[in-house]
Amino acid sequence: MKKLLIYLKNYKKETVFAPLFKMLEATFELFVPLVMAAIIDRGIGQADTGYVLKMGGILVALGLIGLLCSITAQYFAAKAAVGFSTGLKHALFDHIQSLSFTEIDTLGTSTLITRMTSDVNQVQNGVNMVLRLFLRSPFIVFGAMIMAFTIDVKAAMIFVVTIPLLAVVVFGIMALTMPMYKKVQAGLDAVLGATRENLTGARVIRAFHKEEEEVDRFEEKNEFLTRLQLVVGRISALTNPVTYIIINAATILLLYTGAVRVENGSITQGEVVALVNYMSQILVELIKLANLIITITKALACANRIEAVFEVESSMEWRDAADGEGASLAVEFDHVHLTYGGAGAESLSDIHIRVPKGQTVGIIGGTGSGKSSLVNMIPRFYDATSGTVRVDGRDVKTYGMEELREKIGIVLQKAVLFRGTIRDNLLWGNGAATDEELWEALRLAQAKEFVETKEGRLDAPVAQEGRNLSGGQRQRLTIARALVAKPEILILDDSASALDYATDAALRRALKELPGETTVFIVSQRASSIQHADQIIVLEDGEMAGCGTHEELLAGCEVYQEIYYSQFEKQNG
C-alpha cells in the first residue's frame, strides 16, 4: 500500500484538512455529554428554565458546527480519494500498456480487468474511510475515556478494561479476515474470467449447445466464491454482536457503579448520564472502527494485488529513438530462435531470412507451425530468445518504440474494431489523414464498395468489436486502417481468411499499387494467396521447410507440395 500512496501527493491539502475537520467535529461531540450533565444537574435539578434554554442553544450550536465540519471533511476526503483512484488507474493502465505480450499473456486479461476496476475501487473506498474515520474514531474512544476520568476516576476504570478488550476483538477479527479477502478477490478473478469467456464466446457456446455445461462451470466457480465470502462474512459479522455484548455489559456495570456512587453522594445523576453517553459514543465509534477495519482489510488486500502488477516489469527495454542509416534489406532474421515464457519447447528454431525492400513475402505452413510468431517479432511484440531481427539493417532492440512501430502496419489474425464510426477506426492508422486518403485506403482494401452503401458512409456507426459488420467487412476495414498509416512494412497475418477468392485476388492486385518500396508480408493458409509472392517461406513445426518462389518450392519442397496439391488439383504437363 505504501507504494500506492504516491498518488496522493497532489492532494496533500485534502489529506490534512479531511482528518482535521473530523477531529474538530469529534471535539465538539465530546462536549455534548458535559452539557447534558449540566442541564440535568442544574437546569432540571434547580428548575432553572432559562439555564435549560441557554444550554439547549449551546447543544444546537455544537450540533450545527459539528455538521459543518463533517460536511467539509467529507468533501476533502472524497476529493482526495477520487483523485487518488484516478491517478492510480492512469498509472496502472500506462504500466499495463508498457508490458510486452509475454507479461500480458502471463497475467491474464480477466485479472487485469479486475485489478483495474474492482480492486482500485476497493482501495479508493479504503482511502476515503481512512481519511474520515481513522483518526476520528480512536480520538473519540480515548477522548471519551479521558473525559470519563474528569468526571469520576472509579467509574472510569470500567472504560480502561472495556477498551482493550474491544481492541482485541476487533484486531483479532481483522487478522483472521485479511488473508481470506485475498482469496475472495482471487475467486472473483475466476468468476470474471468465466463470465468474459462466455460473453465473448456466446455464439460458439450456442452453436455447440454447451449452455448447460457452461452454466454448471460458472455455478461451480460462483459457489466457490460464495463459500469464501460466507466464511469471511461470518467471521466479520461477529464484530458487531461481540462488541455490542461487551459494550452493553460495560454499560450495565457502569449504571450499577454510578447508582452506588450517586447514593454515596460521590457523583451526580447528570454525571452518570454523561458517563453512559460516553460509553454509547465509544460503542458507536468502535462499530464504525470495526467496519473501517473491514474496509481497510479489503483495501490492503486489493492494494497488494495492484502492487503485484506494478512489480511486473516488461521483459523488453526500448532505446531512445535514433536515426540509423538505411539499408537495402527491409527485414532480416539472423538465425532467430523463439521460446515463449513457460513453454517447454521452442516455437521457432534457427530462422534465417533476408527480405529486400519492396518485396512481397508469403508465409505458409500448417496450424501451429509458427507463422504468427515469426511476423510478431518484426514489430517486436515478442523478443527473439537468440539470434537477431533487423529492420532497415538495424536490430529491432535498438529502436525506440514509436520509431519502430511507425514503420510497420500490421493486421492481426483477429479483426478488432472499436466502438465509434468507420472514420474513428480508420484514423487509428493516421490521425491526420484526409477523407481522400481514407477513401483511397478503403479502395485498396476492397472496402470502398460496402462503405459507400452504409448510411453515413465514413460516419456509419461501428458496434463494439465491429459486431454489426460481417467477418469479411471487419477484415477489410482493419486492412484499410493499416494502409492509412502508409507503412514501410505491411504485415497481413491471415487477415484475408474471411474473404472470398475473388475479393482476395483483387486485394492482392491492389497491394501491388502501394507507393514506394513497401514491403508486404502475407501470412495465409491459402496457397493461392501467396503463390505470386517474390519469395515464400514454408514453416513446419517452427522450422523452415523451404524458401523460394512458387515454382522453386513446387519443384523441391515436399511440405509446400503437400499444401498446394491438397488445395488444387494436380495438373501434369
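1. Let's start inside the fold, at Thr 519. Setting aside the residues within four places of it in sequence, Thr 519 touches Ala 330, Val 355, Pro 356, Lys 357, Gly 358, Gln 359, Glu 488, Ile 489 and Leu 490. You'll find Thr 519 in strand β10, which covers residues 519-523. Is Thr 519 buried or exposed? Its relative accessible area is 0%, and buried means under 20%, so Thr 519 is buried. Do keep in mind throughout that this is a predicted model.

2. Now step back and look at the whole thing. The protein chain has 20 helices and 12 strands. Its radius of gyration is 35 Å, while the globule rule gives 25 Å for 573 residues, so the chain is more spread out than a compact globule. You can see that in the box around the C-alpha atoms too: along the principal axes, the box is roughly 125 × 45 × 45 Å.

3. Take the contacts between residues at least 6 apart in sequence; 75% of them join residues at least 24 apart.

4. Next, the rings. How many aromatic pairs does the count come to? The count comes to 9 aromatic pairs. One of them is Phe 21 with Phe 76, whose ring centres are 6.2 Å apart with 25° between the planes, and this pair is stacked. The two partners come from distant parts of the chain: Phe 21 sits in helix α1 (residues 12-44), Phe 76 sits in helix α2 (residues 49-98), and 55 residues separate them. Phe 21 has a relative accessible area of 23%, so Phe 21 is partly exposed. Phe 76 has 13% relative accessibility, so Phe 76 counts as buried.

5. A second ring pair is worth a look: Tyr 340 and Tyr 382. Their ring centres are 5.0 Å apart and their planes meet at 80°, so this pair is edge-to-face. Here, too, distant parts of the chain are linked, with the partners 42 residues apart. Tyr 340 is in the loop between β1 (329-338) and β2 (348-356), and Tyr 382 is in the loop between α11 (371-376) and β4 (386-391). Tyr 340 counts as partly exposed at 26% relative accessibility, whereas Tyr 382 counts as buried at 9%.

6. Back to the Phe 21 and Phe 76 rings for a moment. Which residues do ring pairs link into a cluster? They are Phe 17, Phe 21, Tyr 75 and Phe 76.

7. Now for some backbone angles. Most residues other than glycine have a negative phi. His 335 is not a glycine, yet its phi is positive, at about 50°. His 335 lies in strand β1 and is partly exposed, with a relative accessible area of 41%. Gln 446 is another non-glycine residue with a positive phi, of about 60°. Gln 446 lies in the loop between α14 (435-444) and α15 (448-452), and it is partly exposed at 22% relative accessible area.

8. Thr 257 belongs to helix α9 (residues 239-264). With a relative accessible area of 16%, Thr 257 is buried. Apart from its neighbours within four places in sequence, Thr 257 is in contact with Ala 155 and Ile 158.

9. The other one is Phe 149, in helix α5 (residues 136-151). Phe 149 counts as partly exposed, at 29% relative accessibility. Leaving out neighbours within four places in sequence, its contacts are Ala 156, Met 157 and Val 160. How far apart in space are Phe 149 and Ser 236, C-alpha to C-alpha? They are 32 Å apart, and 87 residues apart in sequence.

Notes
Residues numbered from 1 in each chain as written. Predicted model: local features only at pLDDT ≥ 70, side-chain atom pairs only at ≥ 80, totals over all residues. Heavy atoms only, no water. Helix = DSSP H or I, 4+ residues; strand = E, 2+ residues; numbered from the N terminus. Rg over C-alpha atoms; globule rule 2.2 N^0.38 Å. Contact = heavy atoms within 4.5 Å. Phe/Tyr/Trp six-rings, centres within 6.5 Å; stacked < 30°, edge-to-face > 60°. Buried < 20%, exposed > 50% of the residue type's maximum accessible area, 1.4 Å probe, protein only.
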